[in-house]
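The following exercises are to be worked with the sequence and the structure at hand. Each task is followed by a solution in steps.

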Amino acid sequence: MPTRELVVVGAGPAGMAAAIAAAEAGLPVTVVDEGPRTGGQIYRQPPAEFEKRTVDDGSPDARRGEVLLRRFEELTGNRIEWMGSSTAWGLFPPRRLAVERDGAFRMIDTDGLILAPGAYEMVPPFPGWTLPGVMTPGAAQVLAKSMGVVAGRRIFLAGTGPFLLVVALALHRAGAEVVGIAETVRFGDVLRAFPGLVAAPALLRQGWGYLRALSRAGIPVHRGHSIVEARGGEALEEISIAPCDADWFPDRSRTRRIEVDTLCVGYGFVPRTQLAQLAGCHLVYSASLGGWIPHVDDEQATSVDGVWVAGDGGGVAGSWVAELEGRLAGLSAARRAGALDEASFRSGWRHIDAELGKLRRFRAALDSASRIRPGLDALADGETLVCRCEELTRSEVDAGVDMGATDARSLKVVTRLGMGPCQGRMCWPSAVRRLAAQTGRTPEEIGAPSVRPPIRPVSMASLAALDGGLTEASPCSTGAVLEEVPP
Amino acid sequence: MRNTENVHRGPALRFTFDGEAFEAFAGETVAAALLAEGRRTLRRTSRRRSPRGLFCGMGVCFDCLVQVDGRPNVQACLVPVREGMRVETQVGDGTWGADADP
Amino acid sequence: MKSSDVIVVGGGVIGCAVAWELTRRGVRTLLVDRALPGRATSASAGGLWPIGEAVGLGCGVIYHAAQHAGDASAEASDPEPLPAVFRDFLHESNALFPDLAVELREQGGFDMEFERGAGLLFAIYNERERAFVERVDRSLPPEVSLEILEPREVAEIEPQLTRDLIGGALLAGEYQVNPMAVAEAFKRAAIRGGATFRHGTQVRALRREGNRVVGVEIDGEVLTADTVVNAAGAWAGGLAETIGLDIPVVPVRGQIVLTETLPHTLNACLSTSQCYIAQKQHGEVLIGSTTEHVGFDVGVSEEATRSLSAGAIRAVPLLSKVRVKRVWAGLRPGTPDELPVLGPVEGLEGYVNATGGFRTGIVAAPLTAQVVVATILEPSSALAARAEPFALRRFEPAVACA
């Protein structure tokens, strides 16, 4: 099977920008994404069956997305090969990507690999957080933006960061009653961050615009408030929020109950680093960027030759940064492949690097304001489930730690924390903070959980047909269609 | 509920959820089609039989598992609803339907 | 002051079982473990298949089939049964499990997930395999029941098993546990009983004075004891080497494929010439395992993932509809004769082996612990004498005098 020149994993802003930059330089690019259409999470498009509808809602973010989607489409079938609905579940040395699509598999060897897998939302455990009706802001946004479905009638949002505001507005526009937003970052912390935020006036103006729009829509923002509890029988009926102190410990004597049927909770994002880990990329720990992230140089190149990381998967910094990082990685990959000369690369690099510098200063200020404080991890009590998949309470996990299970692997085998199908993605970011507090170590000292393929559950039929090339189906035919890989 | 402004949906189709017939639109995921009808509980857990529904909405958390055409562990947030699809609440680890046999 | 009476090195199933047995008998015990990835306990299916493994109907048949793929000469490639003395050891150890499961749950509050199920069922795909099973049957003592079944009877026991077979062989008395839970149950019972557990602690070396082992060295510290038990599994050889002792234990990698949680699908533990398959208590189906000599590499390979998955789908076609959640590998402590290395070493005081469990460490653990502890506390007892056939000196006389 031929070795491809460049494969990009992920078709969000980073992946699309990377593919466009490399393709424009003349390099053939294959783009692999789980979604049926390009856009990733942030620019998720309506299903193909819906009549064409723009993702442009008038915001600068969405306009940037629209430009990327259009340019990507122009290049698709020309220099870009699009592989949608395809899950990259493994990476074998040196750069052999294992991809599943509809129960069929491909092994793709490539000279260059740009990883742009994005991030997912961090939700801390709190009483009632497993009730139907409690979801991430991203879940509600995707439903509203791509399918025009509103998750509930009365919706409340809680957490940190501008994404909450964006989702609240999207839900409001889609016809939901947005009851309010609890933004846990206190006003004083925003003020302290202000000098850094000024580095990117456009983003600052954008944030201001969101707040004005919310105010016009009559949606209150409860600053310095935290979610405390969600209650309901079969599904969410009511939540409690409370003002919190500088360490985010809620003042439970001032708890306020609010009747809602939907609660969106998100306290930042967790980068998806599994493929970079399988590639053997050196990781570094950055609490403000979401935890363990691959170390990259000023061209987004990782420690592994021919592997780049761009976007939130390399440290959470939002869609604009993701796009610029993607473009940088695409240019760097094109130069390495000989499609771009040094001078052209340098001129592109200088422009992007200057822009990224400003955005990262803004982001650093924002991250420092919204960095997670200890009170967030005190929302759960002993009976709160901390592992959603395995239904483990905090007390059950604590007992495992007391008996000496003080790392991810031991906790998994002893308590089953992280043994479920999410493979620890939901529980571990919070569990590691708890473990750190209990054992007097830092999350950095505890280390990143080890990763092995498959990095997400993958059809056994497709594994059975694996052999690095095209094969007949397994002894008893699985009905899997093995695709011919075009050269 | 479905937002009708500015959305031009695909063709309508019919599916069942726990035996009850629902209408949906091509391209919608199972989770979207059910939430549009106000059906929030998609499964009951193995250990405590607690209700669960859509959570991450992007295929990461595996909380929205349903049974589709006799096969358990299907992610409702990812799988598009199809004409005649038989969707069921997954109870615990689920059950193999007669139509799951290969 | 010495740190404890006995130090047990290694927190796998053997080390934990020995620590519990010592504690139960009033010995001040320290269990030291560095939670290394790839310990054999985590790469076990948790099958309690004393006869199955002894006669090669577990991992053995998979290994030999893989070794002799395409080899037409039939009998030459069949696994050799292990000696009767070890088969009986396993059989007896297995019989301890039902009571042990209850006792450990009461003592330590942790459940090993012991399940009887329908036994160990070997799927016979072809005449060569049938001939092998019949030879195995003839070699077994009368008290062991190996039932050779017609396809119709196989289908009754295991409706999801493929119909594309010519028969089956059932060992009805062979059960399963969760291997990591067995180790944890032993460990918690030991801790509750007074044992000390030092986790995340690597033993750098044994400390020897003359012909006596006096303790272990960990980072910047020496822990002393009357006796040190080497239960370091695949790493036992390296540990022994620090005092010039040669134990021929090598890591033998076994890869495991695990499905997502499934509805009740299987009644028995299944064994075929391509893989074994067991549905565990939490609903996941576990598929094992390879037998590979790749040093201390605990990675997983494309080929093993493929062959185990293909073998599982061939045996249970319904598995083509499910997803694989996890693939991992562990290092079994293998020895040249596939038998464990137990008990004291001639010419060396204060040191006892408890390693070499290879494919049978889980099922052997309860009796192994009793025998090993007997060699420490009452060396002239009949129980201690049961370590004799498994003594290190069978490989090389007088190795300890080096």
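**Exercise 1.** Which elements cover the buried residues of helix 3 of chain A?

*Solution.* The model is a predicted one. Begin with the helix itself: 11 of the 11 residues of helix 3 of chain A are buried, and the helix is thus described as mostly covered. Among these buried residues are Pro137(A), Ala140(A), Leu143(A), Lys145(A) and Met147(A). Next, look for the cover. From chain A, the cover includes strand 7, strand 8 (134-135), strand 9 (154-160), helix 4 (162-173) and strand 15 (262-267). Chain B contributes helix 1 (30-36) to this cover. Finally, inspect the end of the helix: Gly148(A) follows helix 3 of chain A and has a positive phi, near 65°.

**Exercise 2.** Determine how many residues of chain A are in contact with chain B, and which element of chain A gives the most to that side.

*Solution.* The contact joins 36 residues of chain A to 32 residues of chain B. On the chain A side, two or more residues come from each of strand 7 (119-121) and helix 3 (137-147). Helix 3 of chain A gives the most, with five residues.

**Exercise 3.** Describe how helix 1 and helix 8 of chain C pack.

*Solution.* Two packed helices are described by the angle between their axes and the distance between the axes. For helix 1 (residues 13-24) and helix 8 (residues 179-192) of chain C, the angle is about 25° and the axes are 8 Å apart. Angles under 35 degrees count as roughly parallel, and therefore helix 1 of chain C is roughly parallel to helix 8 of chain C. The crossing of helix 1 of chain C with helix 8 of chain C is left-handed. Residues of helix 1 in this contact include Val13(C), Ala17(C) and Trp20(C), while those of helix 8 include Val182(C), Phe186(C) and Lys187(C). The contact residues divide into 11 nonpolar, one polar and one charged.

**Exercise 4.** Characterise the hairpin of strands 17 and 18 of chain A.

*Solution.* Strand 17 (residues 283-286) and strand 18 (residues 291-294) of chain A pair in the antiparallel sense, over four bridges. Four residues lie between the strands of the hairpin, where Gly290(A) takes a positive phi near 110°.

Key
Residues are numbered from 1 along each chain as its sequence is written. Chains are lettered from A and ligands numbered from 1 in the order in which they are written. This is a predicted model: local features need pLDDT of at least 70, side-chain atom pairs count only at pLDDT 80 or more; totals for chains, interfaces and linings use all residues. Two strands pair if DSSP finds at least two bridges between them. Two residues are in contact if their C-beta atoms, placed from the backbone, lie within 7 Å. A residue is buried if 20 or more other C-beta atoms lie within 10 Å of its own, exposed if 12 or fewer, and partly exposed in between; C-beta atoms are placed from the backbone. Axes are lines fitted to C-alpha atoms, for helices over the stretch in contact, and angles run from 0 to 180 degrees between N-to-C directions. Angles under 35 degrees count as roughly parallel, over 145 as roughly antiparallel, 65 to 115 as roughly perpendicular and the rest as oblique. A crossing is left-handed if the near helix is turned anticlockwise from the far one by less than a right angle, and right-handed if clockwise. Ala, Val, Leu, Ile, Met, Phe, Trp, Tyr, Cys and Pro count as nonpolar, Asp, Glu, Lys and Arg as charged, and the others, Gly among them, as polar.
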